[in-house]
Amino acid sequence: MSTPRPDQENPEIIGGQRVLGVVPGKPPGGDRKVLDEQEPVMVWPHLLVRHGVAALVVIVVVLLLAIFFDAPLREIANPTLTPNPEKAPWYFAALQELLALFHPLVAGVLVPGAIILGLAALPYMDRSPRIEPRFRKVAVATFTIFMVVWIILTIIGFAFRGPNWGWVWPWQEWYGEL
Amino acid sequence: MTLGQRIRESTIGRSIWRATDRATERDQAAGHWANFFLHIYPVKVRRKEITFRYSWYLGVASAVLFGSLIVSGIYLMFFYVPSPTQAYGDILNLQTQVAFGQYIRNVHRWSAHLMVLVVAAHMARVFYRGAYKSPREFNWGIGVVLLVLTLLLSFTGYLLPWDQLAYWAVTVGTEMASFVPLIGDTVKEMMLGGPVVASSTLLRFYVLHVAVLPVALVLLITIHLWRWRKDSMLDPAKEGVDVDA
């Protein structure tokens, strides 16, 4: 290994740059850059530290939920005793609600099929490269309406349906299951 | 010399780290690129992309929840046999006899529900940012498949406690498949391994839940992240991007 020159042995690093010389009248790190949001920054540490904090927050939320709420466990499965109401998991509650309103072929096949295909096809239908909201009114409105309807249907199916899929008020009777 | 540098420059340190000193940004970028764990990340991202407002960190939250599900799920596997005669008793035993059994089961359950929520929210955030647009159409498609896989994982896991909740939720859920014209009943019987939810269903859902679906999910997440890294500095609004970077 060759002996490094004395001035390279302990190089002075400022702002991630090795200082080779100082121009009189200028700060050693160079002129301060204007912070541009398009400017690339190093993932380590800038993004990874934030991801680390986000990960810790998620883990704390899960660990706290697990302390305060036990996972449900009902009686052992009994194929001869159908509970009333008979509820699907909450993320299928909107579909189950649709099943009560429309023909099963529509609610159980066409709607979920159209949602999956529509989501997958979205980038191929919306070919405009503009991402500013004012250029995306149709796309944003369509997606938002779909999302709001879906959330409402999910909440209705999850919390507002009781025996025989009849309407209940969740503060009077509770049939939601997680 | 700092302690970190001392460790890196010791004989053992030199055998672990492939370079002793990464002082300049250029060196650090090379180090990042060469690092086994960090290489799934881009070396640099635009400043706007590191903010909460940009992503709400929902992608990383999904990944963390999946990690929590793998860890807690492996623990649960030690105490569970997927048969109608044993499954329910195993859960009872887990909750009362096994160290931290109830707690780990809670972690698994709430992580699973949260993962469905967070993955859906991640998709919504990506939509509103317009981040599915060229050149990211394909990665959005992978994301749609990841959402479906997440739902299937949650649904197959729902049956495993073999209680009334599990049994009838899966009965209702698989009923939907039978509405598909012509092949509906065949599809349903393939899922259930028979006309109704029974022991073959439990075994099928278990194998899907602990082997097939997680492997598929890991593979697709890998492609999802790889593609994210490859496209990370591309901006449809700007011309002259280097696609081969």
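**View 1. Strands from two chains meet side by side.** The strands involved are S3(A) and S1(B), the latter covering residues 44–46 of chain B, and they pair in the antiparallel sense over three bridges. As for the complex as a whole, the predictor gives an ipTM of 0.90 and a pTM of 0.89.

**View 2. The side of chain A that touches chain B.** Here 65 residues of chain A are in contact with 69 residues of chain B. On chain A, two or more residues come from each of strand S2 (17–18), strand S3 (40–42), helix H2 (43–68), helix H3 (93–101), helix H4 (104–125) and helix H5 (137–159).

**View 3. Chain A from end to end.** Chain A has five helices and three strands, and from the N terminus on they follow the order α-β-β-β-α-α-α-α. Two domains are assigned in this chain: domain 1 spans 41–70 and domain 2 spans 90–165. Their C-alpha centres are 30 Å apart. Of the 178 residues in chain A, 16% are buried. Among the contacts in chain A with a separation of 6 or more, 45% are between residues 24 or more positions apart.

**View 4. A:Leu73 in the loop between H2 and H3.** Is this loop residue of chain A, A:Leu73, buried or exposed? A:Leu73 sits in the loop between H2 and H3 of chain A, and it counts as buried because 20 other C-beta atoms lie within 10 Å. Setting aside neighbours within four places in sequence, A:Leu73 is in contact with B:Ile91, B:Pro161 and B:Asp163. Turning to another leucine of chain A, A:Leu122 is 49 residues away from A:Leu73 in sequence and 40 Å away in space, C-alpha to C-alpha.

**View 5. Two cis peptide bonds in chain A.** Most peptide bonds are trans, which makes these two worth a look. One joins A:Trp44 and A:Pro45, with omega of about 5°. A:Pro45 belongs to helix H2 of chain A. Another cis bond runs from A:Asn84 to A:Pro85, with omega near 5°. The proline of that pair, A:Pro85, is placed in the loop between H2 and H3 of chain A.

**View 6. Two positive phi angles in chain B.** Most residues other than glycine have a negative phi. B:Tyr57 is not a glycine, yet its phi is positive, at about 55°. You will find B:Tyr57 in the loop between helix H4 (52–55) and H5 of chain B. With 23 other C-beta atoms within 10 Å, B:Tyr57 is buried. B:Phe100, also a residue other than glycine, has a positive phi near 60°. Its place is the loop between helix H6 (87–96) and helix H7 (101–129) of chain B. B:Phe100 counts as partly exposed, because it has 13 C-beta neighbours inside 10 Å.

**View 7. Helix H5 of chain B.** H5(B) covers residues 58–77, and its 20 residues reach 28 Å from the first C-alpha to the last, close to the 28 Å expected at 1.5 Å a residue. The helix is mostly covered, with 14 of its 20 residues buried. Among the elements of chain B, H5(B) has the highest mean pLDDT, 98, while helix H3 (residues 25–34) has the lowest, 86.

View 8. The mean pLDDT of chain B is 91, and 96% of its residues reach 70 or more. One stretch asks for some care: pLDDT stays under 50 over residues 239–245 of chain B. For that stretch, the model has three contacts beyond four places in sequence. Where pLDDT is low, the predicted coordinates should not be read in detail.

Methods: Residues are numbered from 1 along each chain as its sequence is written. Chains are lettered from A and ligands numbered from 1 in the order in which they are written. This is a predicted model: local features need pLDDT of at least 70, side-chain atom pairs count only at pLDDT 80 or more; totals for chains, interfaces and linings use all residues. Helices (H or I, at least four residues) and strands (E, at least two) are DSSP runs, numbered from the N terminus. The expected span of a helix is 1.5 Å times one less than its number of residues. A residue is buried if 20 or more other C-beta atoms lie within 10 Å of its own, exposed if 12 or fewer, and partly exposed in between; C-beta atoms are placed from the backbone. Domain bounds come from an automatic or database domain assignment. Two residues are in contact if their C-beta atoms, placed from the backbone, lie within 7 Å. Two strands pair if DSSP finds at least two bridges between them. pLDDT is the predictor's confidence in each residue, from 0 to 100.
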